[in-house]
Amino acid sequence: MLDPREITAVILAGGEGRRMNGADKGLLPLWGKPLVIHVLERLKPQVGEVLINANRNLGEYRKLAPVVRDDGYGYVGPLAGFEAGLTHAPSEWVLFVPCDSPLVPRDLASRLCSAVQRHDQIAVVDDGTQLHAATALLHQSLLPSLCNYLDGGDRKLQLWYERHQLVPVDFSDEAGAFFNLNTSEALALLEQKGRG
């Protein structure tokens, strides 16, 4: 099995936050600290190194972890973050997690690592109802395919995934860990749940 301590995690915080009125989602507060810190604290014990993919407020993010930007493609969704992470990560395998997933399981890396057998496979979280496509483990050998796809003007994560072998990893036992924080309302709801 692939050792989680030999992989790099990349927190995806490079989006425009359009559904959050343009806010930098990673820096939005939850329970007294920014979302990105919640994700960082959960990932750090699981992997060898954590990077943050960000395109603004770089000084703030650099206080927390090394930052990689979407220099090649910029603001085209999670795939730009995938490209930046696969390009700059010091390890062959890279785990991607969105910054708005503050409850990711503490065994996320080990479960995804145990699912992949070959470099051409992509392990992706399946909560029992849906795939969480941006929470995935990829090998650096997929970078040329990804760049080719982005150079062609395509941006949809699922369409690129269709070119590769996806390995859905069952997280139905922790479906709540992938609570979707795409809106201010969702963030406020989670804030209230934490206090309850």
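Does Asp 107 count as buried, partly exposed or exposed, and at what relative accessibility? Asp 107 counts as partly exposed, at 27% relative accessibility, where buried means under 20% relative accessible area, exposed over 50%, and partly exposed in between (1.4 Å probe, protein chains only). This is a predicted model, in which local features need pLDDT of at least 70 and side-chain atom pairs count only at pLDDT 80 or more, while totals for chains, interfaces and linings use all residues. Residues are numbered from 1 along each chain as its sequence is written, and side-chain values use heavy atoms, with hydrogens and water left out.

The overall form comes next. The protein has 7 helices and 9 strands; helices (H or I, at least four residues) and strands (E, at least two) are DSSP runs numbered from the N terminus. Along the principal axes, the C-alpha atoms fill a box of roughly 45 × 35 × 30 Å. The radius of gyration is 16 Å, which agrees with the value near 16 Å for a compact globule of 196 residues; it is taken over C-alpha atoms, and the globule rule is 2.2 Å times the number of residues to the power 0.38. Of the 196 residues, 54% count as buried. Contact means heavy atoms within 4.5 Å, and among contacts between residues at least 6 apart in sequence, 70% join residues at least 24 apart.

The interior can be followed through its nonpolar cores. A nonpolar core is a set of buried Ala, Val, Leu, Ile, Met, Phe, Trp, Tyr and Cys residues joined through side-chain atoms within 4.5 Å. The largest one has 37 residues, of which Leu 43, Leu 95, Leu 108 and Leu 137 touch the most other members. Elements that give two or more residues to this core include strand E1 (8-13), helix H1 (35-43), strand E6 (93-98) and helix H4 (108-113). H1 gives the most, with 5 residues. A second, separate core of 28 residues includes Val 68, Val 76, Leu 86 and Leu 138.

Leu 95 shows what one of these positions touches. Leaving aside neighbours within four places in sequence, Leu 95 is in contact with residues including Ile 7, Val 10, Leu 43, Leu 108, Leu 112 and Leu 137. The C-alpha atom of Leu 95 is separated by 9.6 Å from that of Ala 134, 39 residues apart along the chain. Ala 134 lies in strand E8 (residues 131-139) and counts as buried, at 17% relative accessibility. Not counting residues up to four places away in sequence, Ala 134 touches Leu 12, Pro 78, Phe 82, Phe 96, Val 97, Pro 98 and Leu 157.

Phe 82 is also one of the buried residues of helix H3. H3 (residues 78-88) is mostly covered, with 8 of its 11 residues buried. Among them are Leu 79, Glu 83 and Leu 86.

Charged pairs are the next topic. Side chains of opposite charge can pair when their charged atoms come close. With a salt bridge taken as a side-chain nitrogen of Lys or Arg within 4 Å of a carboxyl oxygen of Asp or Glu, the count comes to 7. Asp 107 forms one with Arg 111, the closest N and O atoms being 3.4 Å apart. Salt bridges that share partners join Asp 107, Arg 111, Asp 173 and Glu 174 into one network.

Glu 41 forms a salt bridge with Lys 33, with 2.7 Å between the closest N and O atoms. Glu 41 is partly exposed at 42%, and Lys 33 is partly exposed at 27%. Lys 63 and Glu 60 meet in another salt bridge, 3.1 Å from N to O. Here Lys 63 counts as exposed at 64% relative accessibility, whereas Glu 60 is partly exposed at 41%.

Helix H5 (residues 143-151) holds Ser 145. The side chains of Ser 145 and His 164 are joined by a polar contact of 2.8 Å; a polar contact is a pair of N or O atoms within 3.5 Å, where within protein one must be able to donate a hydrogen and the other to accept it, and residues adjacent in sequence count only if both atoms are side-chain atoms. Apart from neighbours within four places in sequence, Ser 145 is in contact with Trp 160 and His 164.

Cys 113 counts as buried at 1% relative accessibility, and Cys 147 is buried at 19%. The structure holds 0 disulfides, a disulfide being a pair of cysteine sulfur atoms within 2.5 Å.
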